[in-house]
Amino acid sequence: MTENSAERRALMLREMGLTPQWHLRQPSAAMPTPAAAAAGDSAGAGGVDAVAAVAAPEGQAQDRSGRIMGMDWAGLRNDVSACTACALHARRHKTVFGVGDENADWLFVGEGPGADEDAQGEPFVGQAGKLLDSMLAAIQLKRGHNVYIANVVKCRPPNNRNPEAGEALACEPYLHRQIELIKPKLIVALGKVAAVNLLASDASVASMRNKVHRYRGIPLIVTYHPAYLLRSLQEKARAWEDLCFAVDTLQALQNGDAGSI
Ligand code: URA
Ligand code: SF4
C-alpha cells in the first residue's frame, strides 16, 4: 500500500462494513486455516472423465471455438442466448452473458449464475452481488463504469453446484472472447472456480492470493468469492487486502511500472 492510501483504506472499509475488523492485523489462532477457505469447493473434481463425457468431439469443439473467436459483441450475445453446448442449457431460464463497460480496465469473473441471476439474466444481482457492489464501491468502482462482470459459465448450474469441468470447458470460448474484446488491464478471479478455470491450476484460493498471475498475458489477481465472504467475516478482511493489492497493481501498470509486477 502507498502512503496516501490510508484514507482510501478507511473509506473502503466503511463501504465494506469492515471497520471493526480492520484492526485485526494478525491472524488469530482461532482463524480458519487457508484450507478451510477452499473447503466445500469441489471444482475440478469432475476431472478428465467429466470433460470426456460432456465435451463435443475435438474437431467440432475446435470449429465452434474458432467461430466464437471471430465474433463481435452482438454475435457473441446471440450465440450465448441460443447455446446448447453443455447440459446446463436444459434448465436455465435466462443465459447470463455478462454486464458492464465493454472497454473496462477491470474485469471481475465469478463462477456461474445463481437463482436470481438465472431469473434476471444479469450476473451478481443476488446477495453475493450486493456484496460485490460494495466491494466495487470500496475501490471507487461502480458496475458498468470501467468494470465488466462475467462468469465462468453463462447458465445456472442446478442447485448452485459448482460447474463441472466439461461445462466450464464448453463455455470457455465465450469468456475468452469477452476478454479479447474487453482487453481489461486487470482480471479479478472471484473464488476457486474462476481461478481454477482461468489459471488451469488446482491450487487453493488462499495460496493463489496476493500474487499477480497471468491469463493469456493479462495480469490476474485471485480473491475469495463474495458468496463465501458472506459466511466468513474474517476472510472479508483478507478480501479487502486483495482489493488494495489489485488497486495498487493496476496503478503500477498504469504508471508504466510493469517491471515491478
Ligand atoms: N455467483 C457467481 O459466481 N456469479 C453470479 O453471477 C452470481 C453469484
Ligand atoms: Fe452454452 Fe455456456 Fe450455457 Fe453451457 S453454460 S449451455 S456452454 S452458454
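Which residue stands opposite Ile187 in β4? Leu107 does, and that pairing is a friendly way into the notes below.

1. **The model as a whole.** Please keep in mind that this is a predicted model. The chain's secondary structure comes to 12 helices and 6 strands. Of its 261 residues, 48% are buried. Looking at contacts between residues at least 6 apart in sequence, 74% of them join residues at least 24 apart.

2. **The sheet.** The 6 strands make an open sheet of mixed pairing, and the order across it is β1-β3-β2-β4-β6-β5. At the edges sit β1 (99-100) and β5 (213-215), each of which pairs on one side only.

3. **Strand β4 and its two neighbours.** With β2, strand β4 pairs in the parallel sense over 4 bridges; the opening pair, Leu107 and Ile187, belongs here. With β6, strand β4 again pairs in the parallel sense, over 4 bridges.

4. **How β4 is covered.** Is β4 mostly covered or mostly open? Mostly covered: 5 of its 5 residues are buried. In a regular strand, side chains alternate between the two faces of the sheet. Both faces of β4 are covered, with Leu186, Val188 and Leu190 buried on one side, and Ile187 and Ala189 buried on the other.

5. **The β5 end.** Here the sense of pairing is antiparallel: β5 and β6 (residues 218-223) are joined over 3 bridges. Tyr215 takes part, and its bridge partner in β6 is Ile218. If you are viewing the sheet on screen, the edge strand β5 is a handy place to begin tracing the order.

6. **Helices on the sheet.** Helix α9 (residues 192-199) lies across β2 (106-110), β4 (186-190), β5 and β6. The direction of α9 is at about 130° to β4. Helix α12 (residues 233-254) also packs on the sheet, where it touches β2, β4 and β6. Relative to β6, the direction of α12 makes an angle of about 170°.

7. **The α4 and α8 pair.** Two packed helices are described by the angle between their axes and the distance between the axes. For α4 (residues 58-69) and α8 (residues 165-182), the angle is about 20° and the axes are 9 Å apart. Angles under 35 degrees count as roughly parallel, so α4 is roughly parallel to α8. Their crossing is right-handed.

8. **Who meets whom between α4 and α8.** From α4 come Arg64, Ser65, Ile68 and Met69. They meet Ala170, Pro173, Tyr174, His176, Arg177 and Glu180 of α8. Sorted by class, this contact has 5 nonpolar, 2 polar and 3 charged residues.

9. **A loop residue to look at.** Pro163 lies in the loop between β3 (147-151) and α8. Why does Pro163 count as buried? Because its relative accessibility is 6%, and the cut-off for buried is under 20%. Leaving aside residues up to four places away in sequence, Pro163 touches Glu111, Val153, Pro157 and Val193. Pro163 and Val152 are 11 residues apart along the chain, with 8.3 Å between their C-alpha atoms.

Definitions and conventions: Residues numbered from 1 in each chain as written. Chains lettered and ligands numbered in written order. Predicted model: local features only at pLDDT ≥ 70, side-chain atom pairs only at ≥ 80, totals over all residues. Heavy atoms only, no water. Axes fitted to C-alpha atoms, helices over the stretch in contact; angles between N-to-C directions. Parallel < 35°, antiparallel > 145°, perpendicular 65-115°, else oblique. Left-handed = near helix turned anticlockwise from the far one by under 90°. Contact = heavy atoms within 4.5 Å. Nonpolar A, V, L, I, M, F, W, Y, C, P; charged D, E, K, R; others polar. Pairing = 2+ DSSP bridges. Buried < 20%, exposed > 50% of the residue type's maximum accessible area, 1.4 Å probe, protein only.
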